[in-house]
Amino acid sequence: MASPKKMFQIFVAFPDLGLPSRSLSLSPDLTLHRLKRSLFPYQTQTQTLNSLYFSLNGKPLLDSSTVSSAGVTSSALLTLRLRVAGGGGDGGATGAESRDCYLNMYAVKKPDKVDPNETRISRWTTCALSTEPLAPPCVIDRIGNIFNKEPLVEALIHKRLPKEFNHIRGLRDMIPIHLSPIPDAGRPEMRFQCPISGLEFNGKYGFVAIKGCGHVLSVKALKEVKSSACLVCHKEFSELDKVVINGSSDEVAVLRERMEEERGRLREKKEKKVGYSLSGTKHGVDEKTRSLENVGHDRCGKRFKAVDIAPVNATKEVYASIFTSSKKTEFKETYSCRSLPLGRN
Ligand SMILES: [Zn+2]
């Protein structure tokens, strides 16, 4: 999921700590305080962190400012410096002791070195929201993230969904899926596989969920057995029913676009519906409604001209109905005619 804001690439030097410089990619909205924390994730003592400050071109920066408000531009060099306080006794840390403790915590683990293998597997074995191991019932969103249904529904109800999932607005945006478990009683966590090819659902192979029936198949199986019906339940599906699970950024972009298109179509449909039901109200609120109303009036005008020349003994409604092509328009026009000035009715 790409952030809408452009990421900054910056460099941080640690001359006082004797640590190697680092290159970081970060959001310009990040506060310097958060940045500092992320550099030392294993340091929990606020006081120790407070003894460090960033400076840009020799000018000290406030921790509370964001990267961009501090004037840091892309590819800028930030320096993390030690506050040299009174040398102890004032509650601040002295340079000597601080340097040691930073070296120690830095040595624990480099936070930016996450095993890519681990991340890949976790995307395929855990819920994207709760990070709990996947356990049916599972759903996917329209861009191919997998979730355990319960925590997702709960977060949706309580409006606790993180920003990255704000494309999930209701149950309609959750596609129920059926994962085929690997029969293995020995493992505490469930693992899944393609029911046709037996390939494991672990990120090494591409998988696709079929929207209509929810079956999850490996791309390989779908390629080998060319069929427009699900290989498990034989329900017909179209290319648009296939949702790539945990796809590449390109595949996600395609799915996202498809989702927006579907939403647009739905919105249009809704607007049309609303437009029709409003035609004939006395006071059209927006331009669109008003113009629809006018169309109604014009049609009515014509129709009533016909009525005006109706034989004296004919019932007006019956006579008018001769000129009405369908029941639907009759209803609409009759409805909108209520707003006509009395004299014309
Ligand atoms: Zn199926």
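The count of salt bridges comes to nine. The model is a predicted one. Among the charged residues, Arg142, Asp173, Lys211, Glu262 and Arg263 are linked in a network of salt bridges.

**The pair Arg142 and Glu262**

- A salt bridge joins the side chains of Arg142 and Glu262, with an N to O distance of 2.7 Å.
- Arg142 sits in the loop between β6 (138-140) and β7 (146-148), while Glu262 belongs to helix α7 (residues 249-278), so this pair ties together parts that are 120 residues apart in sequence.
- Arg142 counts as buried because its relative accessibility is 13%, under the 20% limit.
- Glu262 has a relative accessibility of 24% and therefore counts as partly exposed.

**The pair Glu262 and Lys211**

- The side chain of Glu262 also meets that of Lys211 in a salt bridge, at 3.5 Å from N to O.
- Lys211 is located in the loop between β11 (207-210) and β12 (216-218) and Glu262 in helix α7, so the contact ties together parts that are 51 residues apart in sequence.
- With 25% relative accessibility, Lys211 is classed as partly exposed.

**The pair Glu239 and Lys242**

- Glu239 and Lys242 form a salt bridge through their side chains, with 3.2 Å between N and O.
- Glu239 counts as exposed because its relative accessibility is 57%, over the 50% limit.

How values were computed
Residues are numbered from 1 along each chain as its sequence is written. This is a predicted model: local features need pLDDT of at least 70, side-chain atom pairs count only at pLDDT 80 or more; totals for chains, interfaces and linings use all residues. Side-chain values use heavy atoms; hydrogens and water are left out. A salt bridge is a side-chain nitrogen of Lys or Arg within 4 Å of a carboxyl oxygen of Asp or Glu. Helices (H or I, at least four residues) and strands (E, at least two) are DSSP runs, numbered from the N terminus. Buried means under 20% relative accessible area, exposed over 50%, partly exposed in between (1.4 Å probe, protein chains only).
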